[in-house]
Every structure is written in C-alpha cells, then in structure tokens.
Amino acid sequence: MAVPAQTCGASRPGPARTALPWPGRSPRPGPGARRPAARPPRPLLLLLPPLLLLPLLAAPGASAYSFPQQHTMQHWARRLEQEIDGVMRIFGGVQQLREIYKDNRNLFEVQENEPQKLVEKVAGDIESLLDRKVQALKKLADAAENFQKAHRWQDNIKEEDIMYYDAKADAELDDPESEDVERGSKASNLRLDFVEDSNFKNKVNYSYTAVQIPTDIYKGSTVILNELNWTEALENVFIENRRQDPTLLWQVFGSATGVTRYYPATPWRAPKKIDLYDVRRRPWYIQGASSPKDMVIIVDVSGSVSGLTLKLMKTSVCEMLDTLSDDDYVNVASFNEKAQPVSCFTHLVQANVRNKKVFKEAVQGMVAKGTTGYKAGFEYAFDQLQNSNITRANCNKMIMMFTDGGEDRVQDVFEKYNWPNRTVRVFTFSVGQHNYDVTPLQWMACANKGYYFEIPSIGAIRINTQEYLDVLGRPMVLAGKEAKQVQWTNVYEDALGLGLVVTGTLPVFNLTQDGPGEKKNQLILGVMGIDVALNDIKRLTPNYTLGANGYVFAIDLNGYVLLHPNLKPQTTNFREPVTLDFLDAELEDENKEEIRRSMIDGNKGHKQIRTLVKSLDERYIDEVMRNYTWVPIRSTNYSLGLVLPPYSTFYLQANLSDQILQVKYFEFLLPSSFESEGHVFIAPREYCKDLNASDNNTEFLKNFIELMEKVTPDSKQCNNFLLHNLILDTGITQQLVERVWRDQDLNTYSLLAVFAATDGGITRIFPNKAAEDWTENPEPFNASFYRRSLDNHGYVFKPPHQDALLRPLELENDTVGILVSTPVELSLGGRTLRPAVVGVKLDLEAWAEKFKVLASNRTHQDQPQKQCGPSSHCEMDCEVNNEDLLCILIDDGGFLVLSNQNHQWDQVGRFFSEVDANLMMALYNNSFYTRKESYDYQAACAPQPQGNLGAAPRGVFVPTVADFLNLAWWTSAAAWSLFQQLLYGLISHSWFQADPAEAESNPEARESSCVMKQTQYYFGSVNASYNAIIDCGNCSRLFHAQRLTNTNLLFVVAEKPLCSQCEAGRLLQKETHSDGPEQCELVQRPRYRRGPHICFDYNATEDTSDCGRGASFPPSLGVLVSLQLLLLLGLPPRPQPQVYAYASRRL
C-alpha cells in the first residue's frame, strides 16, 4: 500500500519512458553556477505526446546540462554490474572453490536429510526422554498419597519437633530484622553444605530436600507443621528417582497448603524485596490442580462500594486473573442496576497474558454508583457462559461475584439458568468491612456447588482468590485413577535458575476417609512436578546437519512454541508462562496457519511453501522456499516440526581417516600460519566434552588447540562429525588461499579483505590483518551475511551498521568496509548443496570514488572529466554534476550502500529514509519496496518513568484526626485493615511507587517484557527501469531507479532537492515500542487451538455441603494498639502470627 506524502506525490509505476530533458524546466546550471532562488510554477507535461515535447527541449548552442536519458543510466547500471561481477569472479573464488571440493571428493561423503525419518526419530527421542520423567512422576505421586494416608494428624505438634531445611533460612539469617530470627525458630532448621552443579546452574545438596513456605503463611501453624511432617518421607523417593535416572532435574511437590518441597536442596533465590512466591500460583501448579475453566467475574460497583472496598475489589479481580492459565477463558463485568463488560471484550476470551493485561487495566477504571442489582449481574454472566458460538474451554463453568453485600438471593435467576443440573458453580466474595448480612451470599454459593469467601482486608486477597481451586479439584479427586493423567505445561521460567523449562504435572489426591460412614475425602493434596530444561530437549535435535537455515521446532495445543530458534525472551516474569505463538515466532501466512492447525490436531504432514523470513539481525526480509514436515510427539500434547531449505536436503560428512592429512590440515589452525594463510575463526561449538568455552574466539581457539594436542578427532569424548568437518574445511579454505587469494593484489581493486565461511564452522579472513576489523559472528550459522547468502542467488551486499561508522574526516588511515558475499553451490552426482559462502570486503571510500566514475561519461578513472562546452548540450553524470545529481546504491532492505555525495559516506548503513525521506517515499510508492510489519513479543524495555515519586502510597486509606482520637476506631476492623494494607503494600511494589534508587541498581527494575513493532522493507514486484517525477510544484524532482542484476542493489539517480518545501512523510524502519495489535480486534478472530483432551468438572458423588466460612482470626486489642503505634512511630511493622489466615485449610 502506498503511503501518501503530506504535500507531495510520486507517480505510480508504469512503462519505461524515454528520458528526454523534462519540459517546462530551466536547464540545470553547470558546476559552480548559482542556483536560482525559485522558479515560477510550471504545468505538468508528463502526459503530453512525445512529439509535443520536442520543441521544448533545450536549444542547441546554449551551454546546458540535462537529466540523463534512460539509456544512459541503463548503461551505467550495466557497468556497475560488470564491475561487481568481475571482482567477485577474480577474488571471490566461487568457481575455484567448487573445483577444490571436487578435487577432494575422496575426503567426504554426501549425506541426505530425509525429513520424515528425521522428524520421527527426534519425536521418538523426545517421547522417550519425557516418558522417563513420567515414570518418576507417577512413583512420586503414588508415594505421596500413601505417605499422607498413613500419617497421623497431630494437634499438639510444635516447630521444634520438625527438622527440615528451610530454603529461605540463609537469607533470613542474613537479615537481623527477620521475623524468624527474632522468634528463635531456627533450632528446627538444618544447615547444609552445597556443591556447584552445572546441570542445575546452582549449588545443590543431593542428600536432602528443601522447603519453601510463602511469606504470608505462618510456618508454626498446625497445618503447616503436619504438612512438613508427612512430606519428609518424600525425600527418599526423590533420592531413589535420581539414582535410577541421573538426568532428572528439579523434583517438586507443591502442596495445596502452600508448602513447596523440592529436591535436590538448594538455597532459595530470594528477591531484594519480600518474597511473594507461592507455588499455588505457578503456571504448572494451576494447570495440574484443575481442569480448564470458563470463568465470568462480576463486580458490584453500586454506590455503597466506594473507597477502600472498591480498591480491594479491583485488586482481588487482578489476583483472580493471575490464577488462570492459557487453557482457561474469562470475561469481567461490572454491575449495578445494569451489567456491562469492563473492557472491549464482549464474550469469553482466552486468559492469555495480553488479554489479562487488558482486563487489569480496564478494572482500574471502575467507578461506584447506582444501586445493587444482583439479577443484572448474574443474568449477564449466565448469558456469557451459554454462548456456544465462540471458542471456550467447555469444561468447568463458574461465576465469581465480588460485592460488599446485599439481601437479594436471585433464586429466580438460578432456577432459570442453572437448576436442577447446577452445571455452573457460583463463588461469592464479601469484600471490605461492613455489617451486612452475609447469609444471602453464603446461600448463593452453597446452592450452586460453589464457595463463599470473605475478603475483609488486603491481606486476605491472595489466599481467598486461589482457594476456589480446591473446590474445582473435587471431581478430579473423586474420579480417582481416571484423573491421574500427566500433563505437560507451557514453557516458563524456572524460579530456581534453570532457565526455560517445561514441567510434567500429576495431581496428588487425599485418599483418607473423612467423617462417619467412611466418606471419601474430596481434597486435592497438591501437584507433583518434574522439570525438563528446554536445552535438554534441544540436545536431541540435529544441530549442524540441517545447515544454517534448517531447524526443528515444536508447539503445544495452544500453538505456542516449545522449541524454536526464535524463542529467545529477553526478560521473563516467573509468574507468567512464556507464550510465543508459532505464527508470531515466524512471519505469518496462510500456509503456516494450515501447518499450525494440522500440528495442533495431532496429524502428520509435509508441505513445501514459499514464505518470508526475517534476517538474523532483523533488518531484512527474504522470500524463500522451505519444506515443512511434522509429526505428533506421542503421549504428550506437543507436535514436532522440521524446516529445511531445498539446498539443505544434502550435507557433507568428512571422512578424514588419513591421520597424516588430519595433522597437516590441523596445522592451518595454528596462529603461526595466519600471516601466510589468513586468519581463522572457528565456530564455538561443543566439539569435545572437556573443551572450555569462551566468548573470546582467540581464547577459544587456544583452548581447542590445547585439547587437540591431548586427544584425537576420533576420541570418544569428542563429536567426531563436528571435528572432522572442521578440520576438512580448514584444509579446503587454505587451498583457496593458495590457489586464488595469495597471488592477488587486493589494493588494485580497493578490497580490504576476502573471506570464506563454511558449514563446518571455519571463517577464514585474508589477509591476516583484516581480522582485526572483522565484526561478524564467528559461528557462521549465527552470522546474518552467511544465512542471507545461502537464501539468495547472486551477490549480497551488507553495509556496516550505522553505529560502527566514523565520520570521513575522522577515518584517517582507518577504513570502513562493505561486505559482498555469495553462496558456493555444488552439484555432486545430481545432488545440490551449498556448503560455503565466499566474499570480499570493499573499501568504502575507494569504491565510492569508483562508483562515481562507473556512473559517469568516463570509461576509466584516469581519463579526464568531460567538460560541457559553451555551445554544447550535455547530460549530467554522477561525477561531474555531483552537486546537482544524487546517485546512490541502496540494498534490498532500503539501507544506503554507496553514494556519490561525500557528505553521505558517514550515513552508509542507514535506512535511506533517514537520509532522503522524499526520495525513499517515492521509491516505496512506486512499488520498488514492499513493507512488512510484525511484532516482537519477547523484547525488553526500560520501565516508563513515573511521576509523583514523593507522593503517598496509592490507594491507602488515611484515617482522620478524629479517628485517631477515638478509642473505638483503634479496636475496629478498619484499623486492622489499615495495618494489613500497609503491610501488603510493603510486600507488593504495585501498591507503592517505584523507588528510583532501587530501579537504578536493580536490572529487573530497569527492564521489563514489552512489545516492539518491527518494520522491514524488501524489494517489490517492479523490475523495470524507468524514470518518474516527484511532483512538488517548484520543488519537483526527477529520478531514475533500476535493479542491478544478480545483486540485492537498487541503483537510483535523482535530482538533488532544490528546496525543502516538499516534505514527504517519513518511512520508519527503526523498531518502536508498541502495545501490539489491537486486542479487541484480535479476539474477534481467535487463532485455532485445542484444550486438554480430558475434563473433570462433575461427579455425582461430590459433597457440596462445605461451601463457605467467615474470617478466622479476629485481632486482639493489644496487638492492634502495638501495631498502630509502630506505624505512627515510623518503625517497620512485624508480621504477627495472627495475620496468617491459613490454618483454616481442612485436611
């Protein structure tokens, strides 16, 4: 789509026109002549017949320069093409390298990548890996159920009776202000020694488990102590599992009480602020504890809900949203006399990160007014849940109502929508301090298989917005073995530092009999989990046989990637899963939508497609052919795919059985050979187990050489494929030096370097000194020039990134280079492959001068410039008339490569719209370039500056002087609520403004996950050579554009702008911060997904009599007075046992 200019336009592409001097224009003055200040308006004569134009040409006898004719500029383009091709033929050595490979044909074999066999093998290997974890998981879940069943409850258990390693003990001991230090409870904690383990990226102890208890749970409660008592027996099972499978990583039991016991033991990674980790809010726990949910949250916003109560409701809704995963669907509405959605979402939407963000922002805008109308709220919620025309979870259905109280029971609504089957559970939440009768709220919950909760203050929010999971777990527990199915999670960030992991989960049920008649217990005990690091799964995939642009990927039922080379989150929030859709990991098109759907459905398939791919440096777009092959991974919710370019169907496998030859080639890796043979960079791959990695390639090469002096390439501790191919390519590239490069004078053609890079991991730069300025990645598979060259035919120009350039006047003896590379294609026995890329590095300044000559009327640099006599008529050229004529080369991404304007040399590598917005817009509008916009959902951004840093905490109730003087206020629930709100504010940074000092020192505070909008440009459909005019009245400009054959360059000749009155809209290429695509529109066309195959939302034997309770811990007057005094005196408040509202958990 053309982007309209603000005040000027450009003609659309059309057939090539004869480039005669343009009508209605004064002839261009010669060099040094003064330009007229302005010209009178002139008519547009572009549409006049050619014969009518002739009388308007500059008359002979007058000294004048005219815009070059089209055939002249085509001649210049051919000269540029020939010069580039000649240099590459002489110095690139493509043909010579082909001959070298053929001469060494006995040293390698050509192997075939058979996509179907490959993908099935990898899928089988992943299935076997995960199956071993499943067996360990089942053993743990069975053992936990048996241990809890055999455990005898102890009412009088004490802290000193339990010995365990408290994972947060070391951090608390370091803090003299810690609550546990003050209470002296450390006598029950073990002190352990730890050893560093690279598999865990942590210090661990294999003899013990560690226990993590959330900050807001009192460790000394009877429930927690009994939980610690019976879970201690899991330690031996953890140890035995590891003995049978040493590759096991974290084994974790997340209890429904909030206790986490994990193995092996390691200290907890406590944040700088108070630790808010609660296992029950982790993605893996939520997914394992219940079946998918369709949830409608309705919030009472009548006039009685104001001030603190409304703030409590807003926070409660946000916390409730955090208990949902991507398998769930949700909507949020507010109600008084009428009900309406709080956001733009008019129906249930997937509870993914971006949709939940919309809800959380919208909830903050709720305003209290009007009267309470429960009927309106519930009717809206039931209508939402009965809408069958949308995608939803189709499992647990529930309504969560937050209110300050009311008398209406809306029985008629329940009779109409939910009785007698009661397929929708109703959970009611009484929020705030009030004297309303809560009986109607309790009745609603009990009559609809739900639960009633009270949230009197901020401290009760987290616990009471997650306990509904216990109710949803009842049908699962009652289903018994049928519900004991392992589920694998989305990708998420491990809280203990493993990086990105997936977790196998299995619910653990309470098998005890409860009450008279031996009634079966309905409570879920928790969730057992075993982590699998993504890196362990990646190791099962072929690394280097697929070539630089081949890869393996995997997705889940939501279409989120488990494996993909583009899965690289810059920052991760451990509270949220990493959810990158396959269609966002790649550039979306219809073919990929079909492939994604087929994979989600668990089908096999193969398809060759033409698609767009983004370059590694995200500056370019290439249109390429790719072969996609996919199969399901059995016993999991995952599907595996393989992507191969056609040229990666075959690959080379070295066969260096001759040890003398091995030694000979290896010597060319020694730095002592670099002066004569060129510098060698080796790809930092895992050649051997004992090879020390290093980010410095010189040091890595040194480590490699030292190791090779101790072992042979055939050693069992080394990857023989990688080593043999590396050594073979060392020898082959050395022969290229010997046959081509060494005898050539690079300076003659203004070259800074020549180079070759190979699939085997060798990058050879000649001469040696050129390596000092080499900035490309030493791993060819991670070098943008290498991957782009393989995907393109001909010569690929890559200007240096603008940040790397110096101004010409500062260059002095230093030089700036432009890479030109091309693939080496071999055809061996009818099998085609591209095992290497060769190229040259052009001297920018010298080639800019050469560019002027090639686009001029001179045939060579030594020929004197042609002068236009007083009675002759001449065409302008790019050398003589560089004050009036702009001549440039732009690459396929729209970046400036060469210019005849010396002042633009320091802008080489910039997006051309930043150099000449007017001309770039014309090229775009004339279809020379096409734009592709996409979103990067894995970016990291600095936090937005916040104002009012010195202001009071947001949302805090401030008592009046009269309140302070009133003794009744001190004993009221309001004082207690104030304390809990302040305490929670100290815990949660979201209730206070950011501390600028901490934000400066804490990387996590400096950066957060965000969305960035990316824009790339690539060549459009126009291949013709033609002239056009940028019509801006007195400031109009002529230009000519033509693609250079066999390159990624566009040759443009244009008049320099005479004035700045015609300002075109500027095309943007730079990545910009964005909110992403409009979520309200996206949910109207949701991407295809499937939920888990099983659902447990109903059991006829479920006992729903336990359906609600009130607050459990009324505070004492003494505690309130002492706490309030601490607040008034400015002392930090101490959490007291009375604030922990957790002992109500019924086991």
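I started with Leu-523, which sits in the loop between strand E20 (519-520) and strand E21 (524-533). The model is predicted, so I keep that in mind throughout. Is Leu-523 buried or exposed? I read a relative accessible area of 13% for Leu-523; the cut-off for buried is under 20%, so Leu-523 counts as buried. I also checked its spacing to Val-508: 15 residues in sequence, 9.4 Å between the C-alpha atoms.

Next, the nonpolar cores. I found 103 residues in the largest one. Leu-923, Tyr-929 and Phe-1051 have the most contacts inside it. Helix H2 (residues 70-92) gives this core its largest share, eight residues.

I went back to Leu-923 for its partners. Leaving out residues up to four places away in sequence, Leu-923 touches Ile-890, Phe-928, Tyr-929, Phe-1039, Ala-1041, Leu-1050 and Val-1052.

Then helix H3 (residues 94-103). Which of its residues are buried? I list Val-94, Leu-97, Ile-100 and Tyr-101. Viewed down the axis of H3, these fall within an arc of 115 degrees, so they line one face of the helix. An α-helix has 3.6 residues a turn, so residues three or four places apart point the same way.

Last, the whole chain. I count 34 helices and 42 strands. Of the 1147 residues, 57% are buried. The chain exposes about 48,200 Å², with carbon and sulfur atoms supplying 49% of that. Among contacts with a separation of 6 or more, 74% join residues 24 or more positions apart.

Notes: Residues are numbered from 1 along each chain as its sequence is written. This is a predicted model: local features need pLDDT of at least 70, side-chain atom pairs count only at pLDDT 80 or more; totals for chains, interfaces and linings use all residues. Side-chain values use heavy atoms; hydrogens and water are left out. Buried means under 20% relative accessible area, exposed over 50%, partly exposed in between (1.4 Å probe, protein chains only). Helices (H or I, at least four residues) and strands (E, at least two) are DSSP runs, numbered from the N terminus. The arc is that of the directions from the helix axis to the C-beta atoms. Contact means heavy atoms within 4.5 Å. Accessible areas come from the Shrake-Rupley method with a 1.4 Å probe; for residues, only the protein chains shown count as cover. A nonpolar core is a set of buried Ala, Val, Leu, Ile, Met, Phe, Trp, Tyr and Cys residues joined through side-chain atoms within 4.5 Å.
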